[in-house]
Amino acid sequence: MRTILIAVAAVFCLSAAAFAQDLKFGFVQVDALIANFPEADDAAQTYEKEVQSWQTQLNDYQKELETLQTDFKQKSMLYSPEKQREKQDEISKKNQEAVKFYQDVFGPEGKAEKRKMELLSPIYEKVNRAI
């Protein structure tokens, strides 16, 4: 029984060694390959334009919020308590909109990340086919 077990183990080790000889491992610098694709430059430019557009929208939210806050500080003494709450609610709502926009666009699974992957996926497919 022991002899059979040793023989099976020896056959297994020899077949594993023969299989391991056929395996080849390597390291591929995908970033370097992608940099050589002209499509990568086009994708990067398109992505940067879209990010600039989103950043402009975010800046507009910020400016509008600052304007509302400044206006409220300057005129708060003239407002009735009810009007003050109304203005504070308006500022709070605008702030929430800005935060939501930021998260929707620049968050971990936001529009920016999805768009980047959308633009780069054809390039990654070409690299995978080349490898």
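A salt bridge here is a side-chain nitrogen of Lys or Arg within 4 Å of a carboxyl oxygen of Asp or Glu, and by that rule the count comes to 9 salt bridges. These views come from a predicted model, where local features need pLDDT of at least 70, side-chain atom pairs count only at pLDDT 80 or more, and totals for chains, interfaces and linings use all residues. Residues are numbered from 1 along each chain as its sequence is written, and side-chain values use heavy atoms, with hydrogens and water left out.

**View A. The largest nonpolar core has 15 residues.** A nonpolar core means a set of buried Ala, Val, Leu, Ile, Met, Phe, Trp, Tyr and Cys residues joined through side-chain atoms within 4.5 Å. Buried is under 20% relative accessible area, exposed is over 50%, and partly exposed is in between (1.4 Å probe, protein chains only). Look for Trp54 and Ile123, the residues with the most contacts inside this core. Helices H3 (38-75), H4 (81-106) and H5 (111-130) each give two or more residues to it; helices (H or I, at least four residues) are DSSP runs, numbered from the N terminus. H3 gives the most, with 6 residues.

**View C. Zooming in on Ile123 and what it touches.** Leaving out residues up to four places away in sequence, Ile123 touches Ile34, Phe37, Glu39, Ala40 and Ala43. Contact means heavy atoms within 4.5 Å.

**View D. Lys126 and Glu39 pair up across distant parts of the chain.** The closest N and O atoms of this salt bridge are 2.7 Å apart. Lys126 is in helix H5 and Glu39 in helix H3, 87 residues apart. Lys126 is partly exposed, at 32% relative accessible area, and Glu39 is partly exposed too, at 31%.

View E. Lys83 counts as partly exposed at 31%, as does Glu86 at 46%. Glu97 is partly exposed at 30%, whereas Lys94 counts as buried at 15%.

**View F. A salt-bridge network of Glu50, Arg115 and Glu118.** Salt bridges that share partners join these residues into one network.
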